[in-house]
Amino acid sequence: TVAAAPGSQALIQMLPRLRAPGTVAVLGPTYAEHAAGWAGAGHRVAEVAALEGCDADVIVVVNPNNPDGRIVPPEALLALAERQAARGGWLVVDEAFAEVTPESSVAAEAGRPGLVILRSFGKFFGLAGVRLGFLLGEPALVRALRAAVGPWAVSGPALAVATAALSDSAWIAATRLRLAAAAARLDARLEEAGLTVAGGTSLFRLICGAQAAGLYKALGQAGVLVRRFDYRTDWLRLGLPADVAAEERVTIACEMFRIR
């Protein structure tokens, strides 16, 4: 029920080509690659604000979501997958950030009809250059994807690194705790600087405010690169700083912007 590929981005681009063109609903706002991948393969794509009443052939949910950290409860996803399967459809759940919220994952249910799960290796383990992602799904879909990616899709060193990392349960548990503590500490620093934390995961934080455009520039001038959004000009997404010194640099830049 598992197929490996050279990165979750490769899966996002290949998966739409394994199904005849139809209708696709992407629960948004979220990052743009899913919509682009399905549209590029000839599907009719629409962004939806809620899952209720959605009747597309394929429904895509990023869970937890990027950039706001929205989580759809697993029981709701499994019920939706069952409905999709009954009509010959798919529910695609992108769990790229689920390592930090394992309680949100439906990976243990992989193999259910209609349920397709995407997982990313590099985001949690900090090894994006390894280029490794996984698709979990029904056996027929897994076979089709393996045929599509061909032999040797993932390098031997990548598989060796991933096997060691995924087997290190003590490191995984400790890292979840460390990231959660760092995210809480960053939230407190940002709020002390007069900013509103609107969501995120313990891998990134989302701040919201009318001053976002000016803050984006100020942070950039301080050497802090953040993500801005064309569709929400009052949002900025910050990756979790690497250490306390980096946290200090971020908050000093925010404080300096506030008192200008």
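In which sense do strand β2 and β3 pair, and over how many bridges? Strand β2 (residues 23-27) and β3 pair in the parallel sense over five bridges, where pairing requires that DSSP find at least two bridges between two strands.

The model is predicted, so that local features need pLDDT of at least 70 and side-chain atom pairs count only at pLDDT 80 or more, while totals for chains, interfaces and linings use all residues. Residues are numbered from 1 along each chain as its sequence is written, and side-chain values use heavy atoms, with hydrogens and water left out.

Helices (H or I, at least four residues) and strands (E, at least two) are DSSP runs, numbered from the N terminus. Seven strands form an open sheet with mixed pairing, in the order β1-β7-β6-β5-β4-β2-β3. Because β1 and β3 each have a single partner strand and stand at the edges, one side of each is left without a neighbour in the sheet.

The following strands are touched by α2, which packs on the sheet, contact meaning heavy atoms within 4.5 Å.

| Strand | Residues |
|---|---|
| β4 | residues 58-62 |
| β5 | residues 90-94 |
| β6 | residues 115-120 |

Helix α2 also touches β2 and β3.

Histidine 43 is found in the loop between α2 (33-40) and β3 (44-48), and counts as buried because its relative accessibility is 6%, the cut-off for buried being under 20% relative accessible area (1.4 Å probe, protein chains only). Beyond its neighbours within four places in sequence, histidine 43 is in contact with residues including Pro16, Gly22, Val24 and Trp38. A polar atom of the side chain of histidine 43 lies 3.1 Å from the backbone nitrogen of glycine 22.

Note on methods: Buried means under 20% relative accessible area, exposed over 50%, partly exposed in between (1.4 Å probe, protein chains only). A polar contact is a pair of N or O atoms within 3.5 Å; within protein, one must be able to donate a hydrogen and the other to accept it, and residues adjacent in sequence count only if both atoms are side-chain atoms. Axes are lines fitted to C-alpha atoms, for helices over the stretch in contact, and angles run from 0 to 180 degrees between N-to-C directions.
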